[in-house]
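Here are my notes for you on this one. Have the viewer open and follow along point by point.

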Amino acid sequence: MSGTRLSSVRRIEFAVDWPPGHVAAYLLDLDEPVLVDAGMRSDYDGGDEHPDDTLDAALAETGYELADIEHLVVTHPHVDHVGQAPRIIEAADPTVYAPVGVRERFDRDVDALAERVRDNASAAGIAGDQLDEAVEMAVESLRRDRSLLPPDAVDEWLDSGPVELGPLSAEAVHVPGHQADHLAFLTDLDGERALLAGDMALEPFRAVLLHDGLDDGYVDAVDGFYAALDRLADLEVDRVYPGHGPVHDQFDEVVERDRDRLDAQLDRIEGKLSEGLRTVPGVAMALAGDRGVRYMIPEAMSALAHLERTGRATVTVEDGVRYYDPA
Ligand SMILES: [Zn+2]
């Protein structure tokens, strides 16, 4: 490439059908091209196998093709961040980097996962078809996500701390809560302190608490999210490159706002208990907006577990179902 290169970062947006309507991956145009996150696969839920050319078209504009990607870095293994990974791996055989927690998670026996999810969801008061759906969804997510990012294809399992991502030196920061294994990467780009943030420090909204879904980690998800915000608050960041919403320079404000919103969500849920809602589905229903109740179930379940543990709610178990009351 000739002329003045203003930035080494190229943002690639993929359409998704939930707010804010896109997911972003970032091509770092360094000595060796690095792709951070692998976007969405448009046909992930079945449907026709038409190839999605979003990635190819964006790469072509920068003078690259799929086969040129030498390093693929995954922040967390959600479908909208690993969707195109199989195509990239097949075409480019890049060095693939992923958070170390994913290795064990993907190694999980599906029947064991199904059993834990069934137990946890039953105790949360989810029953009948909804219970079967919750179990099915957990099993399908595991199967799908690990087929998109096969553990055998990962070359480097990353822990928090200093990491070398090909030509890029970075500090990996463990930021659980949205996803239990999630790493964000602090690095130097174009003379700025840049955070490749995945789904943390999003400008439009706080990422939903999904953590490990309805698996046993739900109990620790809120604490995990707060720990992530503590770690982020200790960083100095000039510019955030997030998975959703715009690239922004409001890092401190957004991290503080996310903490306020998490505090407020716990207060709101405590308030729902005072209004007489006593179960996870009841609270989740009351909180659900456009995204539908199933996305709020893990958040409601984790929040109630947190309120219980911190003495803000009490639990009575009747017929194996946990009923929450204000403390
Ligand atoms: Zn995402």
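1. In H10, the buried residues are Met296, Ile297, Pro298, Glu299, Ala300, Met301, Ser302, Ala303, Leu304, Ala305, His306 and Leu307. "Buried" is used when 20 or more other C-beta atoms, placed from the backbone, lie within 10 Å of a residue's own. Helices here are DSSP runs of H or I with at least four residues, strands are runs of E with at least two, and both are numbered from the N terminus.

2. Before going on, a word on what you're looking at. This is a predicted model, where local features need pLDDT of at least 70, side-chain atom pairs count only at pLDDT 80 or more, and totals for chains, interfaces and linings use all residues. Residues are numbered from 1 along each chain as its sequence is written.

3. Back to H10: twelve of its 17 residues are buried, so the rest of the structure largely encloses this helix. The cover over those buried residues includes helices H7 (221-233), H8 (251-274) and H9 (280-287), plus strands S12 (313-318) and S13 (321-326).

4. The length of H10 (residues 293-309) checks out too: at 1.5 Å a residue, its 17 residues should span 24 Å, and the end C-alpha atoms are 24 Å apart, which agrees. The expected span is 1.5 Å times one less than the number of residues. Just after H10, Gly311 takes a positive phi of about 80 degrees.

5. Which residues touch the most other members of the largest nonpolar core? They are Leu195, Ala201, Ala300 and Leu304, out of 90 residues in that core. H10 gives the largest share, eight residues. A nonpolar core is a set of buried Ala, Val, Leu, Ile, Met, Phe, Trp, Tyr and Cys residues joined through C-beta atoms within 7 Å.

6. Six strands form an open sheet in the order S1-S2-S3-S4-S5-S6, with mixed pairing. Its edge strands, S1 (9-15) and S6 (156-158), each pair on one side only. Strands S4 (residues 71-73) and S5 (residues 95-99) pair in the parallel sense over three bridges; pairing takes at least two DSSP bridges.

7. Finally, confidence: the chain's mean pLDDT, the predictor's confidence in each residue from 0 to 100, is 93, and 94% of residues reach 70 or more. Over residues 1-5 the pLDDT is below 50.

Conventions: Contact = placed C-beta atoms within 7 Å.
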